[in-house]
Amino acid sequence: MPTAIPESLRDHATGPRIQVPQPPQWPALSEARKDTKKRRIAQLLAEQDAVLVAHYYTDADLQELAEETGGCVADSLEMARFGSASPANTLVVCGVRFMGETAKIINPEKRVLMPDLAATCSLDEGCPPDTFTDFCDRHPDRTVVVYANTGVRVKARADWVVTSSIALPVIEHLHRQGQKILWAPDKHLGRYIERMTGADMLLWQGTCVVHEEFKGFALEGVRRLHPDAAVLVHPESPADVVEQADVVGSTAQLIDAASRLPNPKLIVATDQGIFWKMRCSAPGKKLIAAPTAGIGATCESCAHCPWMAMNALQNLEQVLLTGDQEIHVDPEIRERAVRPIRRLLAFARDRHATAPPGVPVRARSE
Ligand code: 13P
Ligand code: SF4
């Protein structure tokens with residue numbers, strides 16, 4: 001049964017209110033200048049024995065360049081695995097800070113750069129390590145499972161780190177062993193897993209500012225307009241959106257589902273950066289963005305992560321020239337943070353879990 005958070009603990013289960021930055025306005029580049037920049041970046045990567053590791057929410061030019069130069073475009077689990085498997089000495093992580101930190105924690109001997117170290121994540125920012133440690137200390141009987149979208153010190157306090165592609169089987173596994181869970185920071189993902197597994201989960205009350213904006217009532221309206229569409233939802237979305245999904249999954253699992261489903265139309269509830277890769281893997285299908293705020297358009301992020309938007313060709317070239325946006329992790333904290341991440345990687349390896357096929361789940365109850 002779900003565990004309600006007692007009133008006395010609520011302060012300890014909720015981080016600070018997040019200031020959402022304005023997405024940067026990158027000056028438009030002509031196709032010719034774009035090509036020149038891409039060639040220059042490819043040359044710098046080769047000279048520095050560096051490889052691009054990009055997330056699906058970043059700009060299409062970055063994703064394309066990562067693929068063209070032998071890097072990868074992936075979800076957060078696969079990004080972590082690719083970084084370790086790659087022989088390159090430098091990993092240039094295009095995404096948000098926790099992705100760069102995870103790469104550094106697993107590969108301390110490698111240089112890890114990011115286009116902008118200020119690219120964080122509302123889930124990470126909403127889970128301050130001291131408050132979180134206090135919360136854990138009050139529940140010593142619970143296994144601490146944290147989402148990868150957290151800082152290094154939060155990971156260092158955890159028993160397990162999981163990503164959206166593997167959170168469900170990990171919690172199923174722990175639940176079968178009779179373990180009670182303390183889950184942080186995403187409350188929507190936590191509630192979804194709790195509902196799917198029946199595990200006893202105490203939830204931190206964090207949210208993703210991007211997925212939080214999807215609205216169940218507005219999605220119902222769009223579904224009525226497109227009855228032949230399948231609904232693909234990232235599990236950071238609110239419960240009334242997840243309940244309408246045909247497939248719930250990580251970014252990689254949603255892309256995989258887009259190509260496999262027979263529907264000619266797909267309604268997609270996740271960051272719109274994913275559309276580039278989805279179009280490549282499901283050509284000819286109509287992709288419809290799930291509505292963010294319905295009438296009134298009050299959304300803060302409007303389905304595009306403002307931190308992911310801090311990655312661009314311009315600052316990628318710059319960081320390769322200066323090397324100044326390098327991730328450093330305190331070695332003592334790294335020692336502790338690497339253990340729950342290794343546990344995740346071993347679990348994924350044992351299950352032979354590559355992101356696709358993963359566990360796309362039919363969640364619609366009707
Ligand atoms: P994925 O692991 O599904 O790529 O999710 C990362 C993320 O930050 C989604 O908002
Ligand atoms: Fe964090 Fe949400 Fe951005 Fe993903 S989309 S990086 S969860 S703020």
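The model is predicted, with local features requiring pLDDT of at least 70 and side-chain atom pairs counting only at pLDDT 80 or more, whereas totals for chains, interfaces and linings use all residues. Residues are numbered from 1 along each chain as its sequence is written, while chains are lettered from A and ligands numbered from 1 in the order in which they are written.

Strand 3 covers residues 90–94; strands (E, at least two residues) and helices (H or I, at least four) are DSSP runs numbered from the N terminus. Because four of its five residues are buried, strand 3 is largely enclosed by the rest of the structure; buried here means that 20 or more other C-beta atoms, placed from the backbone, lie within 10 Å of the residue's own.

Strand 3 pairs in the parallel sense with strand 1 (residues 50–55) over five bridges, pairing being defined as at least two DSSP bridges between two strands. Within this pair, alanine 54 stands opposite cysteine 94. Strand 4 (residues 111–113) also runs parallel to strand 3, joined to it by three bridges, and threonine 90 has arginine 111 as its bridge partner. Together with helix 4 (residues 97–106), strands 3 and 4 make a right-handed β-α-β unit: with the strands pointing away from the viewer, the path from the first strand over the helix to the second runs clockwise.

The residues that surround ligand 1 include Asp75, Asn149, Cys208, His234 and Glu236. For ligand 2, there are 13 surrounding residues, and Cys121, Ser122, Cys208, Val210 and Cys305 are the closest. A residue counts as near a ligand if its C-beta atom, placed from the backbone, lies within 6 Å of it.

How values were computed:
A residue is buried if 20 or more other C-beta atoms lie within 10 Å of its own, exposed if 12 or fewer, and partly exposed in between; C-beta atoms are placed from the backbone.
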